[in-house]
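Reader: I want to go through the labels on this model one by one. Please set each value against its cut-off.

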Amino acid sequence: MHVVTGEDIAELISEAADQVEELVRANPEAVIGIATGSTPEPLYAELTRRAGEGLDLSGLRITCLDEYIGLPAEHPQSYRHYIAEQILEPWGIDPAHTVLPEGDAADPDAAAAAFEDGITGLGGVDLQILGIGPNGHIAFNEPGSPADSRTRVVDLTAETREANSRFFDSIDEVPTQALTQGIGTILESRKAIMLAFGPGKAEAVAAMIDGPVDEAVPASALQDHPALEVFLDAAAASRLVSGDPRSTDAG
Ligand code: PGA
């Protein structure tokens, strides 16, 4: 993993966008895995800005990490809605060129299997965007998720439901389950970019980078990812024992 830290989030976003742009220019039909948290929104906005200046994103294939169970695609908090609004429409991508989990399927286990098969059908993910939860989760792989886990139905922890309740009218409306790519599935992405900003992520980031690979910190499994770039602002990097790792190889 390669860790980049900086004071200026806009600069970090620009550097991450450069890496996406490089891939798109090399392969206009690359498969991009979208993370649907709030952290990567400025990255998507920056890419939308570049699309306005002529960068053609319309040929990309789009998948994502996870989806709430029970929310229909048109629900404002469903990740399919997020992707339609922040990615497909602004980037001009045909919805037929997406593989997204059907969170409101009658049989969620079958939907999880279909999602995993769909990713395989795309030929895998060329570039996965990632966030990290304050509890060290990646996608909805909560603490205790095995490093070889595959796409499946999971229960959300109370902590994650609390963290995500800011997007809902009340915590009672936050779904209790989700479909998520497994950690093993995520590790198969050919390249990954993680963004983590703010003090609320500092502890999870330190455990991911400096701690042992441990199921208690699902993101620590990313120490075994073949090509992961981590972008951290100073607050998110503040608990690292490895010091300022800018342009160093952290593991
Ligand atoms: P956030 O979510 O970007 O909204 O903080 C990250 C996550 O929980 O994985």
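Reader: Which residue of β5 stands opposite Ile-62?

Author: Thr-98 does. A note on the basis: this is a predicted model, where local features need pLDDT of at least 70, side-chain atom pairs count only at pLDDT 80 or more, and totals for chains, interfaces and linings use all residues. Residues are numbered from 1 along each chain as its sequence is written, and side-chain values use heavy atoms, with hydrogens and water left out.

Reader: What makes β3 and β5 paired strands?

Author: Strands are DSSP runs of E, at least two residues long; helices are runs of H or I, at least four; both are numbered from the N terminus. Two strands pair if DSSP finds at least two bridges between them. Two bridges join β3 to β5 (residues 98-99), so the pair meets the requirement of at least two. The two strands run parallel.

Reader: How many bridges link β2 with β3, and how many link β2 with β6?

Author: Four bridges link β2 to β3 (residues 61-64), in the parallel sense. Gly-33 faces Thr-63 there, and Val-31 stands opposite Arg-61. Two bridges link β2 to β6 (residues 127-130), again parallel. Leu-127 of β6 is the bridge partner of Ile-32.

Reader: Which way do the side chains of β2 and β3 point, and are they buried or exposed?

Author: Buried means under 20% relative accessible area, exposed over 50%, and partly exposed in between (1.4 Å probe, protein chains only). In β2 (residues 31-34), Val-31 and Gly-33 point one way, Ile-32 and Ile-34 the other, and all are buried. In β3, Arg-61 and Thr-63 point one way, Ile-62 and Cys-64 the other, and all are buried too.

Reader: Which hand does the crossover from β2 to β3 have?

Author: It is right-handed, and the chain gets there through helix α2 (residues 41-52). The test is this: with the strands pointing away from the viewer, the path from the first strand over the helix to the second runs clockwise.

Reader: Why is α2 called roughly parallel to α3?

Author: Two packed helices are described by the angle between their axes and the distance between the axes. Axes are lines fitted to C-alpha atoms, for helices over the stretch in contact, and angles run from 0 to 180 degrees between N-to-C directions. The axes of α2 and α3 (residues 79-91) come within 9 Å and cross at roughly 20°. That makes the two roughly parallel: the label covers angles under 35 degrees, with over 145 roughly antiparallel, 65 to 115 roughly perpendicular and the rest oblique.

Reader: Which hand is that crossing, and which residues make the contact?

Author: The crossing is left-handed. In that case the near helix is turned anticlockwise from the far one by less than a right angle; clockwise would be right-handed. Contact means heavy atoms within 4.5 Å. Helix α2 supplies Glu-41, Tyr-44, Leu-47 and Thr-48, and α3 supplies Tyr-82, Gln-86, Ile-87, Pro-90 and Trp-91.
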